[in-house]
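Subject: Structure for you to look at

Dear colleague,

I am handing over the structure we spoke about, and below it you will find what came out of going through it. Please read the notes with the structure open beside you.

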2 protein chains.
Amino acid sequence: MKLAVLGVGLVGGSIGLAAKARGLGSEVAGFDPDDATLDRALELGALDVAASGVADAVSGADLVFCAAPVNSLPGLVAEALAATDDGTGVSDVGSTKLGIAEAVAGLEAASRFIGGHPLAGAETAGVEHSRPDLFEGARWFLTPTERSEGVIFDRLHNFVADLGARPQAIDAAEHDRAMATISHLPHVLANVLASRAADTLAAGERRPEVGRSFRDTTRVAGANPSIWGDIFAANAGAIADEVDAVIEKLEQASSTLRAGDAGQLSAWQSAAAADRHALLDVGHPGGELFELRLGVENRPGVVAEIALALGRAGVNIEDMSLAPSSEQRSGAISLWIAGPEEAVRAGAIVSELGHSVSTVSGGS
Amino acid sequence: MKLAVLGVGLVGGSIGLAAKARGLGSEVAGFDPDDATLDRALELGALDVAASGVADAVSGADLVFCAAPVNSLPGLVAEALAATDDGTGVSDVGSTKLGIAEAVAGLEAASRFIGGHPLAGAETAGVEHSRPDLFEGARWFLTPTERSEGVIFDRLHNFVADLGARPQAIDAAEHDRAMATISHLPHVLANVLASRAADTLAAGERRPEVGRSFRDTTRVAGANPSIWGDIFAANAGAIADEVDAVIEKLEQASSTLRAGDAGQLSAWQSAAAADRHALLDVGHPGGELFELRLGVENRPGVVAEIALALGRAGVNIEDMSLAPSSEQRSGAISLWIAGPEEAVRAGAIVSELGHSVSTVSGGS
């Protein structure tokens, strides 16, 4: 498989290193507008070829990863699609997905683009910090649409899994709302807490040192200002909605505090413990792999439809394989799901979508 | 020195273990209303004597530590003061200080009580978790008032330092405001974030697992509901003020987000980074110890006045020694301060209060 990486920072460089460490790419070509970055990526072994431009890098690639800052992604994806033909899938690694999906939707080659977002590496930057194990065990969201080509989703999904990540299909708008809550909102609250503490404590002569609760709660305050300025801007509406919801909750908290009832405050604390526990419990299935063989109509969007339905239900697709029939009107899809309960759930979900399912026990 | 510990949970038990490990107490007596707790404390070696009641425990003690839940402290401190005479100092370890200070102020023996608050162990509870090194390097706030007896402050300050903690004098009201910002507010924000994420994500079928930023920012969410219910109630007004200030900041953040200017958002992020950095830098002086010898009038409140002035300026008193003169109208106080710059600052502050100061280089 031939890979191209456009933008060779921490994530782009790590894709190259991981693909090479795992023997996934016969050639990794890359381009970066910064010559020094490109040279360093070659030296570090993240790339085989330093290309002279986007068209040069993507020529003949099976998969192209656009790994530039969020605000330059629409132009870069369009350029990569324009410079490639039917055989090439294009993805990105931006941390918001609706903007890029809308920007690409109008392009003729939109069916070859599937957005992506690995949950890794948002706190540091630069090709210097690239590592082959950056994606090990990390969630990697993919945002196929009904126009996405099944064969490209299949290739991208399996490549991401082969990098060591755990791919999950999700609707782009839903992704951005979920990230607003569980990733962007913590950054906003950390910033505001740091700012409030600086206000109060810097005003007097004395500033008591801070304890562990403050350190942990503000750990992400001020992380990487240029990257986070772009992330906030790209998902501004969804984050502002979350901030408004938190303001409402804080107004309730302020009233509860002023009422000063220790029992009520203790109950509030217990509810928070239960909330956090439930959230941290999510997403750790496992166990034996089961193969689900699906008979499907060979029509556009069928793979995305299945992947999104399973993603919505929280079912993880550990591996995937497509086998179009010779007459091209129907085909078979194999999905590997970890754990018997999850496999049964997956079978039910896929059946409800109208596909035939048979289960083959045993791993891929 | 004879010690008494009233309430033998994590903090009370750890005071006993640390005092015995460091050879500070000839006898550690303790009382707890729960018999099983008291037995376990004996077994663990946190106490030498399991007393039959408060009066039995405190009889003849040099220092008494009240380490019960915040809402039972006023009664317990009053009982300990009533059961002891002039030779006994009484302190507590509650995480808020104004309430107890006001409750004790009306008592005749108030001059023998000095509030305290070690920044350690707020997240677990129970004598089972006691450790002799719980206070190692931890800040331990002391809240003397102008009525506090100098000899008791001196004894308490040095005992706390000998436990391995770093004592700092602070006004009770100021302590509670500072804690509201740097300790209680992080807990409120962590609770609200966990609650908001549970709302949004539990509503749908799919709940994406959360990443590291969410984990860190919510780490203290729901910590120990019964202890924290009391802490919130005891400092409710100050915490609610902080919450209101944060609401204002979040309203600004929401507007900035909706304006969607990446440059402005990036600048906001940079300011948060600077705020956090400044806060985490506080409180880590060090270096050679300098002895400051102070000539002081022997009047009530003079020790508290000096300790509070240095505390306000962020100067750490590493060690302290009182030497009243034979005629009892004046006396000498030696303070040990780490680092030449800090020692010079301390000298200036004490001079401004009208005391004579001479500096003797070299440690205690």
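Before the helix pairs are described, one convention is needed: a helix axis here is a line fitted to C-alpha atoms over the stretch in contact, and an angle between two axes runs from 0 to 180 degrees between N-to-C directions. Please also keep in mind that this is a predicted model.

With that convention, helix H4 (residues 73–82) of chain A and helix H5 (residues 98–105) of chain A have axes that come within 9 Å and cross at roughly 40°. The two helices H4(A) and H5(A) are therefore oblique to each other, and their crossing is right-handed. On the side of H4(A), the contact is made by A:Leu73, A:Pro74, A:Val77 and A:Leu81, while H5(A) contributes A:Ile100, A:Ala103 and A:Val104. Sorted by class, this contact of H4(A) with H5(A) holds seven nonpolar residues, with no polar and no charged ones.

In chain B, helix H4 (residues 73–82) and helix H5 (residues 98–105) have axes that come within 9 Å and cross at roughly 40°, which makes H4(B) oblique to H5(B). The crossing of H4(B) and H5(B) is right-handed. Here B:Leu73, B:Pro74, B:Val77 and B:Leu81 of H4(B) meet B:Ile100, B:Ala103 and B:Val104 of H5(B), and the residues of that contact divide into seven nonpolar, no polar and no charged.

Further along chain A there is another helix pair, in which helix H12 (residues 302–312) and helix H13 (residues 340–352) pack at an angle of about 135°, with their axes 10 Å apart. H12(A) and H13(A) are therefore oblique to each other, and H12(A) passes H13(A) in a right-handed crossing. The residues that meet are A:Ile306, A:Ala309 and A:Leu310 in H12(A) and A:Ala346, A:Ile349 and A:Val350 in H13(A), and by class they come to six nonpolar, no polar and no charged residues.

Turning to the strands, chain A has an open sheet of three strands in the order S6-S7-S8, with mixed pairing. Its edge strands are S6 (115–118) and S8 (166–169) of chain A, each of which pairs on one side only, and the twist from one strand to the next averages 25°. Strand S7 (residues 139–143) of chain A is joined to S8(A) by four bridges, and these two strands run parallel; within this pairing, A:Phe141 has A:Gln168 in S8(A) as its bridge partner.

Chain B likewise has three strands that form an open sheet in the order S6-S7-S8, and the pairing is mixed. The edges are strand S6 (115–118) and strand S8 (166–169) of chain B, each pairing on one side only, and neighbouring strands are turned by 25° against each other on average, direction ignored. In this chain, S6(B) and strand S7 (residues 139–143) pair in the antiparallel sense over four bridges, and B:Gly116 stands opposite B:Leu142 in S7(B).

Finally, for chain A as a whole, the secondary structure comes to 13 helices and twelve strands. Its C-alpha atoms fill a box of roughly 75 × 50 × 35 Å along the principal axes. A compact globule of 364 residues would have a radius of gyration near 21 Å, and the 23 Å of chain A agrees with that.

Definitions and conventions:
Residues numbered from 1 in each chain as written. Chains lettered and ligands numbered in written order. Predicted model: local features only at pLDDT ≥ 70, side-chain atom pairs only at ≥ 80, totals over all residues. Heavy atoms only, no water. Parallel < 35°, antiparallel > 145°, perpendicular 65-115°, else oblique. Left-handed = near helix turned anticlockwise from the far one by under 90°. Contact = heavy atoms within 4.5 Å. Nonpolar A, V, L, I, M, F, W, Y, C, P; charged D, E, K, R; others polar. Pairing = 2+ DSSP bridges. Rg over C-alpha atoms; globule rule 2.2 N^0.38 Å.
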